[in-house]
2 protein chains.
Amino acid sequence: MKRVFIIIGNKARTSEFSLNDLPGAGRMDVICRFIAQSLLVSHGVRKDSTAIAVLLGGPQKSLKFKGDSIKYMSPDERNVAGLIRKALKAKATDEWLEGSPGVYVSRKGIGEILDELEGYRILYLREDGEDFHKVAEERDYAFVLGDHLGVSENMEDEILKRADGVVSVSPISLQADQCVVILHNILDRFSIRGGCRV
Amino acid sequence: MKRVFIIIGNKARTSEFSLNDLPGAGRMDVICRFIAQSLLVSHGVRKDSTAIAVLLGGPQKSLKFKGDSIKYMSPDERNVAGLIRKALKAKATDEWLEGSPGVYVSRKGIGEILDELEGYRILYLREDGEDFHKVAEERDYAFVLGDHLGVSENMEDEILKRADGVVSVSPISLQADQCVVILHNILDRFSIRGGCRV
């Protein structure tokens, strides 16, 4: 089962930023944790997982981190931020261009990104969504999440037009990376132990 | 329901370290993420949660972060590391001394720390443990986890002597902070929605 995790970084800087102040770069720390939690487990990478960050703090750029080919990524925020900074230095075009192993950049928007995900069940994470613990199935999923500011109304329309459903994972409001950890856990239990729905 | 999360930082530095190289400080980044995930949710702090880090990279020091009184903590690693660095500057004694709001330091070892947790069900996290999704109850819990190096045999004996059980949360090997996110989710669902065991 393949998994794609997409975050909307409402103010995440698409130009140069300092590794010493990730929160000041439009909460780049949120994006770093999201990417790390999407791809990493203890002492390893999830080969079947991809993280995509749509960065809107400046001329829009989107970054894609692919677990099957990423190299040199460790879980600390500063390391992930270094990979992001390097990727942002490349020219963003209409296509995905690989800047470093497993890391791609483009100027695609959320609509185009979702349109590429053929065969995936696209789910939008929102607190009032259906409990994903109860509806998870053995299949390929793409999840779309907002950062600490959520998702703008326009962008939410773009997402909902393409989404197969709206789900939640917790009765309380969590950070995006925490949602990713729980989504992985639900699917890990489902796929490895078999039929672990609540 | 109160929750305590304890991590053993096998090499985490108890002397001065650089905020620009947390992995180089005995994987202090692991400790930072653990503390943040124990205490923080979206835009808020879990008042009922406490994080304790037993740091063994140097003369032993233990740090306690209490959700009911912590201030000035944001989820990025560098911010948590700043709080740790400040706490480590205080003299560690046999008692818990509050260095900054909600942050305590002592030279207590894991045995003493667990002995203080009267009324808590103490659980040790290990991959071969019982599935916590299936056995969670509505009560106060203290969870003990290793860092990326696990827990030494001697220390594990200390823990098991006092633990009420050994549990796991995932069929695959996860990072300590990922386990914390899942433990919270299990208990959140159990306490708020009622009876959500798998």
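Reader: Which strands does helix 2 of chain A lie across?
Author: Helix 2 (residues 77-89) lies across strand 1, strand 4, strand 5, strand 6 and strand 7 of chain A. Its angle to strand 5 is about 125 degrees. Angles run from 0 to 180 degrees between N-to-C directions, with axes fitted to C-alpha atoms, for helices over the stretch in contact. Contact means heavy atoms within 4.5 Å. Helices (H or I, at least four residues) and strands (E, at least two) are DSSP runs, numbered from the N terminus.

Reader: Anything to know about the model and numbering?
Author: This is a predicted model, where local features need pLDDT of at least 70, side-chain atom pairs count only at pLDDT 80 or more, and totals for chains, interfaces and linings use all residues; side-chain values use heavy atoms, without hydrogens and water. Residues count from 1 along each chain as its sequence is written, while chains are lettered from A and ligands numbered from 1 in the order written.

Reader: What order do the strands of the open sheet take?
Author: The order is 6-7-5-4-1-9-8-10 in chain A, with mixed pairing. Two strands pair if DSSP finds at least two bridges between them. Strand 6 and strand 10 (165-168) are the edges, each pairing on one side only.

Reader: How do strand 1 and strand 4 of chain A run?
Author: They run parallel, joined by eight bridges. One bridge pairs A:I7 with A:A53 of strand 4.

Reader: And strand 7 of chain A: which residues are buried?
Author: A:V103 and A:V105 on one side, A:Y104 and A:S106 on the other. Buried means under 20% relative accessible area, exposed over 50%, partly exposed in between (1.4 Å probe, protein chains only).

Reader: Why two sides?
Author: Because side chains in a regular strand alternate between the two faces of the sheet.

Reader: Which residues bridge to A:V103?
Author: A:F65 has A:V103 as its bridge partner. So does A:S100.

Reader: New topic. At what angle do helix 1 and helix 2 of chain B pack?
Author: About 100 degrees, with their axes 9 Å apart. That makes helix 1 roughly perpendicular to helix 2 of chain B, a label for 65 to 115 degrees (under 35 is roughly parallel, over 145 roughly antiparallel, the rest oblique).

Reader: Last one: is A:G119 buried or exposed?
Author: Exposed, at 55% relative accessibility. A:G119 lies in the loop between helix 3 (110-115) and strand 8 (121-131) of chain A. Leaving out residues up to four places away in sequence, A:G119 touches A:R139 and A:D140.
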